[in-house]
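Let's take a walk through this model together, piece by piece. Have the viewer open and follow along.

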Amino acid sequence: MTTTEQSYETAPALIGTLRKAQNIAAFCGLVFLLITVAGYFLIGPEQFFRSYLVGFWYWFGVGAASLLILMTQYMTGGAWGLIIRRLLEAGAKTLYLFVLLFIPMLLGHERLYWWSTKEGLADKVIQAKSLYLNVPFLWGRWVIYAVFLCLMAYLLIKWSAEEDRTKSVAVSSRLETLSGPGIPIFFILMTFCSVDYLMTLEPHWYSTVYGFLTIISWCLTAMCLVVATLTLLAKDAPMDHALTPKHLHDLGKLMFALTMLWAYLQFSQLLITWSGNLPEEVVWYIKRWNGGYGWASLILLIGLFALPFLLLLSQSIKKNARTIAMVAIYIMVVRVVDVFVMVEPNFAKVTDVHFSMSWLDITAPIGFGGLWLAMFFRNLQSGSLLATGAPDFHKAMNHGKSH
Amino acid sequence: MDAANPLYGLIAEFETPTELVEAARRTKEAGFRKFDAFSPYPIHEMDDAMDLHDNRVSGFTFIGGLLGCIGGFGLATWCSFVALPLNIGGRPLISVPMFIPITFECTILLGGLTAAISMLVMNGFPSPYHPVFNVERFAGASRSKFFLCIESADPKFDRQATENFLVSLNPEEIAEVAP
């Protein structure tokens with residue numbers, strides 16, 4: 001098939017669909033966030049902040065990973081990246097708001113982070129780490145993360161729009177020049193970010209793979225969200241003729257790779273801890289091995305590795321829009337359990353682990369999700385859904401159709 | 001094939017992969033079943049064009065991988081639970097996390113070997129003789145030319161009609177393939 005001139009305008013019906021999705025998401029978000037805030041008074045600030053962290057971290061990660069995948073596709077090229085570029089940009093745009101949502105946690109740090117309490121600051125190990133673990137520097141690091149994430153998102157989105165208008169190769173290469181160094185800086189900063197907000201919940205414990213693990217699990221969620229959204233968009237122009245089974249196959253393979261990488265990193269952390277068997281390292285696993293949290297970990301092993309692994313092996317599942325979207329949504333749901341297991345067990349006593357889960361752990365992810373998705377669907381309505389100005393655009397659109 | 005018509009088939013030569021894919025599609029639509037396409041490199045669209053949907057290799061690979069998985073874990077378990085039970089730092093004798101790397105490696109090894117071997121066997125390898133090499137120009141198939149061969153064993157094959165059909169595909173050359 002030769003490249004025929006097709007319109008890549010967003011169909012008015014699709015704008016309507018997106019507006020409807022935005023309204024539903026905004027409504028859910030508002031209701032569930034209000035319920036979560038009510039939990040602050042009904043259940044208490046401690047539980048509120050824990051659940052806040054679960055919900056916030058999940059959705060902040062989707063936005064951050066959108067930015068990372070956006071940079072990655074500028075570096076690798078490929079049709080998979082071009083077809084999802086606008087979706088990633090819409091996801092990265094949510095960071096403008098979500099970096100601000102760190103502030104409640106920073107204000108309530110004593111409720112979340114034991115190291116910043118009086119008792120914690122008197123601890124010998126914490127004192128030895130005080131050069132890093134102190135509240136002013138915690139704020140300072142937040143400023144660095146926020147500025148970096150927003151600046152990268154702003155520039156990449158702005159230049160990409162410029163590329164669409166001018167179709168200039170200079171702009172395309174500028175995007176690549178920014179993305180190249182952006183990727184390693186992102187990894188370094190977000191490693192620190194995951195240390196600040198998750199790892200220091202257990203301030204004596206440490207794991208060197210933690211940052212990478214966090215970022216990869218974000219990427220998995222973001223990739224699933226993008227695939228699920230694509231199949232929603234594929235009902236109308238321009239995606240109905242732009243999206244081919246080959247694109248979905250490629251994105252499905254990336255979901256598969258990220259699932260495997262997630263399991264690989266989780267496992268290497270466990271293997272090293274298991275071999276070393278050191279008291280300060282095993283606490284993290286003791287809390288997640290037995291009882292209720294042990295069941296939650298088992299759900300992750302089967303639900304976030306074994307099952308998606310077997311499903312995504314199949315080519316026909318990856319090429320079919322309906323089935324791959326269902327797998328993607330399923331993974332996104334199980335990922336909430338993953339964040340829950342990352343956060344909640346830290347507050348249990350290692351000598352006497354009790355499973356604790358509040359209804360706030362359910363309302364907070366839905367609340368933040370509604371907010372996030374409302375912004376995402378709103379961003380998708382502005383401008384074209386396809387990066388028509390990219391140098392390889394027409395080649396990418398004919399991906400898998402013919403030579 | 002009868003004695004009066006000692007032919008393996010007719011082969012048509014094309015300049016580009018696009019033409020070859022199109023030719024294969026039309027050959028399939030014309031009702032031919034015993035035909036093959038030859039190209040210097042894999043063409044993904046060929047599966048659809050030739051209606052090749054035999055996925056047995058992936059099934060074999062899955063079974064191979066599964067056997068490797070069970071075998072690897074079984075081997076590790078047998079070694080440290082039956083053959084030489086050894087208490088290592090108070091860990092259980094079946095120390096599952098330590099067994100995973102070997103289980104994983106065995107899965108990959110057996111899965112990979114099964115994939116490669118079953119692919120070769122099901123493609124009919126080793127095959128020291130193939131009639132298409134009797135056509136001199138066929139040497140181009142490993143460099144820059146694309147070929148489509150309709151075999152005389154096809155029930156629809158007719159020396160003249162098939163040649164006319166191949167001409168309608170607009171190839172560079174048409175040649176007879178001696179058996």
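We'll start with the ground rules, then visit the sheet, the domains, a helix pair and the interface.

This is a predicted model, so treat it as such: local features need pLDDT of at least 70, side-chain atom pairs count only at pLDDT 80 or more, and totals for chains, interfaces and linings use all residues. Residues are numbered from 1 along each chain as its sequence is written, while chains are lettered from A and ligands numbered from 1 in the order in which they are written.

Let's begin with chain B. It splits into domain 1 (9-53 + 130-177) and domain 2 (56-122), with bounds that come from an automatic or database domain assignment. Taken over C-alpha atoms, the centres of these two domains of chain B are 43 Å apart.

Now find the sheet in chain B. Its four strands make an open, antiparallel sheet, ordered E2-E3-E1-E4. (Strands, E, of at least two residues and helices, H or I, of at least four are DSSP runs numbered from the N terminus; two strands pair if DSSP finds at least two bridges between them.) At the edges sit strand E2 (35-38) and strand E4 (173-177) of chain B, each pairing on one side only. From one strand to the next, the twist averages 20°. Look at E1 (residues 9-14) and E3 (residues 146-151) of chain B: they pair in the antiparallel sense over six bridges. Within that pairing, Ala12(B) stands opposite Leu148(B) in E3(B).

Helices cover this sheet too. Helix H1 (residues 17-29) of chain B packs on it, touching E1, E2 and E3 of chain B, and its direction makes about 20° with that of E3(B). Helix H5 (residues 159-168) of chain B lies across E1, E3 and E4 of chain B, at about 10° to E1(B). (Axes are lines fitted to C-alpha atoms, for helices over the stretch in contact, and angles run from 0 to 180 degrees between N-to-C directions.)

Over in chain A, helix H13 (residues 245-276) and helix H14 (residues 279-289) have axes that come within 9 Å and cross at roughly 125°. H13(A) and H14(A) are therefore oblique to each other, oblique being whatever is left once angles under 35 degrees (roughly parallel), over 145 (roughly antiparallel) and 65 to 115 (roughly perpendicular) are taken out. Leu270(A), Thr273(A) and Gly276(A) in H13(A) meet Glu281(A), Val282(A) and Tyr285(A) in H14(A).

Finally, the interface: seven residues of chain A are in contact with eight of chain B, contact meaning C-beta atoms, placed from the backbone, within 7 Å.

Key:
Two residues are in contact if their C-beta atoms, placed from the backbone, lie within 7 Å.
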